[in-house]
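Subject: Structure handover

Hello,

Here is the structure for you to look through. My notes on it follow below.

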Amino acid sequence: MVVRLLIWNVFESRTTIDELRESLPELDAPSRWIWNEANDRFGVIVVGDDLPESIGWAQDLVGEEPDVYEEFDA
């Protein structure tokens, strides 16, 4: 099984964290969206072999690739 961590900085993006919260769909547990409003960052922790389709939606909303993309074997 693979665990992925993707983090975007939304400080200079075309969307806000509040807009992302309203727009992004729920993920199947144990995967989840994560938020750091103080630093204008959000991300996702994905547990499983495949990335959900909503990762592409997040990238489209922000307008760029994630700043951090780490992959771990679990």
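Glu71 sits in strand E4. Beyond the residues up to four places away in sequence, Glu71 touches Val2, Val3 and Arg4. Contact means heavy atoms within 4.5 Å. Glu71 counts as partly exposed, because its relative accessibility is 47%. The cut-offs are these: buried is under 20% relative accessible area, exposed is over 50%, and partly exposed is in between (1.4 Å probe, protein chains only).

Before you read on, two points on how to take the numbers. This is a predicted model, in which local features need pLDDT of at least 70 and side-chain atom pairs count only at pLDDT 80 or more, while totals for chains, interfaces and linings use all residues. Residues are numbered from 1 along each chain as its sequence is written, and side-chain values use heavy atoms, with hydrogens and water left out.

The overall picture

The protein has 2 helices and 4 strands. Along the sequence they run β-α-β-β-α-β. The radius of gyration is 12 Å, close to the 11 Å that the globule rule gives for 74 residues, so the protein is as compact as a globular protein of that length. That radius is taken over C-alpha atoms, and the rule is 2.2 Å times the number of residues to the power 0.38. Helices (H or I, at least four residues) and strands (E, at least two) are DSSP runs, numbered from the N terminus.

The C-alpha trace spans about 35 × 20 × 20 Å along its principal axes. Of the 74 residues, 32% are buried. Take the contacts between residues at least 6 apart in sequence: 69% of them join residues at least 24 apart. On charge, there are 5 positive and 18 negative, and their mean positions are 3 Å apart. Lys and Arg count as positive and Asp and Glu as negative; His and the chain ends are not counted. Each charge is placed at NZ of Lys, CZ of Arg, CG of Asp or CD of Glu.

The loops

Thr15 lies in the loop between strand E1 (2-9) and helix H1 (17-23). Thr15 is buried, because its relative accessible area is 9%. Its side chain makes a polar contact of 2.8 Å with the side chain of Glu19. Leaving out neighbours within four places in sequence, Thr15 is in contact with Val10, Leu20, Leu61 and Val62.

The loop between H1 and strand E2 (32-36) holds Pro30. A cis peptide bond joins Ala29 to Pro30, with omega at about 10°. Ser31 is also found in the loop between H1 and E2. Ser31 is buried, with a relative accessible area of 10%. The Ser31 side chain reaches the backbone nitrogen of Val47 at 2.9 Å. Neighbours within four places aside, Ser31 is in contact with Ile45, Val46 and Val47.

Asp40 is in the loop between E2 and strand E3 (41-47). Asp40 is not a glycine, yet it has a positive phi of about 50°. At 27% relative accessibility, it is partly exposed.

Asp67 is in the loop between helix H2 (54-62) and strand E4 (68-73). Asp67 is partly exposed, at 45% relative accessibility. A polar atom of its side chain lies 2.6 Å from the backbone nitrogen of Asn9. Apart from neighbours within four places, Asp67 is in contact with Ile7, Trp8 and Asn9.

Inside helix H2

Ala58 is in helix H2. It is buried, with a relative accessible area of 0%. Setting aside neighbours within four places in sequence, Ala58 is in contact with Trp8, Leu24, Trp33 and Phe42. Ala58 and Leu24 are 34 residues apart along the chain, and their C-alpha atoms are separated by 6.9 Å.

Best wishes

Conventions:
Polar contact = N/O pair within 3.5 Å; in protein donor to acceptor, adjacent residues only side chain to side chain.
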